[in-house]
Amino acid sequence: MEKKVYLIRNLDCANCAAEIEAKFNALPEVEEAVITFATGQLRLTAENPDGLLERLTRIARTVEPDAEICQRGETGREQTHRHAHHHEGCCEEHEHCGCGHHDEPAEEVHSGEGKTILLGAGLFAAGLLLDWFGLHIWGGIAFVAAYLALGWEVLCDAAKGLLKGHALDENFLMGVATIGAFAIGQFDEAVGVMLFYRVGEYFEEKAVERSRSQIMEAVDLRPEVVNRLENGAVHEIPAEEACVGDLLLVRPGDRIPLDGMVISGESRIDTAPITGEPVPVRVAEGDGVISGCINTTGQLTIRVEKVLAESMVTRILDSVENAAASKPKIDRFITRFARIYTPIVVGLAAVVAVVPALITGQWHYWIYTALSFLVMSCPCALVLSVPLAFFSGIGAGSRKGILFKGGLSIEAMARVKAVAMDKTGTITKGDFRVQRIEGGEQLLNLAASCEQHSTHPIAQSIVEAARERGLALREPESVEELAGRGIKAELDGRTVLCGNEKLMAENDVALPDGLERTGTRVLVAEDGMYAGFLLIADTLKPKAKEAVSRLRSRGIATAMLTGDSDETAREIGSAVGVDEVHAKLLPGEKLERLQQLRAAKGAVMYVGDGINDAPVLAGADVGAAMGSGADAAIEAADVVFMTSDVNAIPESLDIARQTGRIAWQNVVFALAVKLIVMVLGLTGHASMWMAVFADSGVAMLCVLNSIRLLYRKEQN
């Protein structure tokens, strides 16, 4: 099976998109089809996706007459957020589109809609005035003209849908409701409702377009062009044409366009757009830089290490788009619910129109009430607002360097009751330092001379400490690395041992009584005599304690699972304030401890960065990987932290919880308003105006509620 991503445009509503998706998935040739209304994309898995496009387009048009399915542009820049709701995402170059037409810019589309609404509103006002002055015939003509101006497009779309057997779409229901109002003599009501409907749809589209634009602009940091240096001259070229090895000029204030290495220059780089970390980082010749960061001070020349398709900015955008296509359980539930909601309300409208009227004889009243039911029967507010809430959560996370891998991940994070963390690289920097020397600089020189060719992090920390003090290292005659114990070397004719207690015991080295046992100690012996020790310790991340405190304040239990020694683990655990510390764990044992924690506390999130963390990341309810970690850990995780700040852990959980709350707020609000208006209609206290608000007005409010996530302030 082959998986491809296409652009699908001219979708009027999220409910229609869900219906088209269901029709695609019913085809035997399609393994999976996912339409993401928020990004205007179709993700298709089939034997021959390209060969199905013509058939899929025909199927889509049975629901949306103007639907088009297009190939993505060569650069992959669909930029759906730069186009109107009805004409979204056309490729930058018409020949890449394959759709047979080029969409109008959003401003032109909205300008045309705005003029139509203003014309209809003017004619409606004229009709009201003429009616008020007793000129009923002229008033009626003005109402008809206003209705045609406002409703012609709706009626045409309704007719197209009806011819294709699609009788319960929003256009048809609105057409029936307003024509019914004309039939019972409610001219002003029919035109007013159509005007209110068009205004509501207009603002709903603007709200969706704006929220989509804000989210995509926050994550789409890909450059349009880059400044390539050739023979001393600067040439502006499209970013996708830059190749590995090209030299690019990055001026102060510019974004780093592609992943690369600094060849010349010195500057400070603002990494906040990628990692969320606010403190700029100094870079100079030889340092690597990642795309999307901002060059703040000096001019840099960088050598391209990765082309646009492989650079960080594209990886982040792909991650967000993939996450948006991964639908949470609540979204799937609402989609299924919407399929039965509309037929039920339409059926209820038919019952209301006939049964009470047969009993009371008040046909005018009950038909009017039934028409208002038709107006509010479209479930667009539900089907649109839930995925948009999750899409906003994904966008809000990406702004802080938190990449969620889907709606399911966010849902799972909202239920987390405990967080288990690895030590090295998560709570600590993984940056070993010599904290104490028992034996003076002479002992440090001795140990560093023996350890200088070792690649072990502890050995490197000893050598670095010696060099920082300006000590001249000697070259040993021979060096033997003893796995799990240390080093045995011959230096200036003497046998030197550097390692742990096991190494000392093997060589009959007597250790003094009361020897300090905290932290990681490198014991040193010379010719069988104990000479002293070096205390090596990993350094805590600056905000580790604050992050753990934030988790505990939210009622989330914390635990540290590490393969390090008991003494070191408990010292670190005590320093940051975690509830439980489990040390000397192998990868399989970490998973066992995690399962025990789940049984005791509930859903568990595990945060790690090493390749040995992959099994426990996959086994956790939510796996989170530090972005600086191993690829295997990142692949196995449900969420990736691009930042090294431990505060990303509580921050991600806050975003997940608020996303879930907003999604349910939208569902409850939309259903409650519709139910209240129905009840008011049955009791004679509601009009079609209220019904339009229950449809378009509620949808717009739910959209605005969803994008609150983009403006949330960090909680403490």
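This is a predicted model: local features need pLDDT of at least 70, side-chain atom pairs count only at pLDDT 80 or more; totals for chains, interfaces and linings use all residues.

1. Arg 61 has a relative accessibility of 28% and so counts as partly exposed. Arg 61 makes a salt bridge with Glu 68, with 2.6 Å between the closest N and O atoms. Glu 68 is buried, at a relative accessible area of 12%, because the limit for buried is under 20%.

2. A second salt bridge runs between Arg 55 and Glu 29, where the closest N and O atoms are 2.5 Å apart. Arg 55 belongs to helix H2 (residues 49-61), while Glu 29 sits in the loop between helix H1 (14-25) and strand E2 (30-36), so the bridge ties together parts that are 26 residues apart in sequence. Arg 55 is partly exposed, with a relative accessible area of 31%. Glu 29 is also partly exposed, at 33%.

3. Arg 303 and Glu 305 meet through their side chains in a salt bridge, at 3.1 Å from N to O. Glu 305 has a relative accessible area of 34% and is partly exposed. Arg 303, with a relative accessibility of 30%, counts as partly exposed too.

4. How many salt bridges does a search of the whole structure find? The count is 23. Some of them share partners: Lys 400, Arg 550, Arg 554, Glu 651 and Asp 654 are joined in this way into one network.

5. On the aromatic side, the structure contains seven aromatic pairs. One of them is Phe 333 with Phe 337, whose ring centres lie 6.2 Å apart with 25° between the planes; the pair is therefore stacked, the limit for that class being under 30 degrees. Both residues are in helix H10 (residues 329-360), and since they are four residues apart there, about one helical turn separates them. Phe 333 is partly exposed, with a relative accessible area of 39%. Phe 337 is partly exposed at 23%.

6. Tyr 365 and Trp 366 form an edge-to-face pair, with 4.8 Å from centre to centre and 80° between the planes. Tyr 365 counts as partly exposed at 28% relative accessibility, whereas Trp 366 is buried, with a relative accessible area of 12%.

7. Which residues do ring pairs link into a cluster? They are Tyr 147, Phe 182 and Phe 187.

8. The largest pocket holds about 1000 Å³ of space. Its lining is made up of 40 residues, and those nearest the centre are His 456, Ile 458, Asn 500, Thr 520 and Asp 564. Two or more lining residues come from each of helix H15 (457-468), strand E17 (478-482), strand E18 (486-491), strand E19 (494-499), helix H16 (501-506), strand E20 (520-526) and helix H18 (566-576).

9. Which element gives the most to the lining of the largest pocket? E20 does, with four residues. By residue class, the lining divides into 10 nonpolar, 15 polar and 15 charged residues.

Key: Residues are numbered from 1 along each chain as its sequence is written. Side-chain values use heavy atoms; hydrogens and water are left out. Rings of Phe, Tyr and Trp (its six-membered ring) pair if their centres lie within 6.5 Å; planes under 30 degrees apart count as stacked, over 60 as edge-to-face and the rest as tilted. Buried means under 20% relative accessible area, exposed over 50%, partly exposed in between (1.4 Å probe, protein chains only). On a 1 Å grid over the protein atoms alone, a cavity is a set of points where a 1.4 Å probe fits but cannot get out, and a pocket is an open set with protein on both sides within 12 Å along at least five of seven lines; lining residues have an atom within 4 Å of a point. Grid points are joined across faces, edges and corners, and a volume is the space filled by probe spheres set on the points. Ala, Val, Leu, Ile, Met, Phe, Trp, Tyr, Cys and Pro count as nonpolar, Asp, Glu, Lys and Arg as charged, and the others, Gly among them, as polar. A salt bridge is a side-chain nitrogen of Lys or Arg within 4 Å of a carboxyl oxygen of Asp or Glu.
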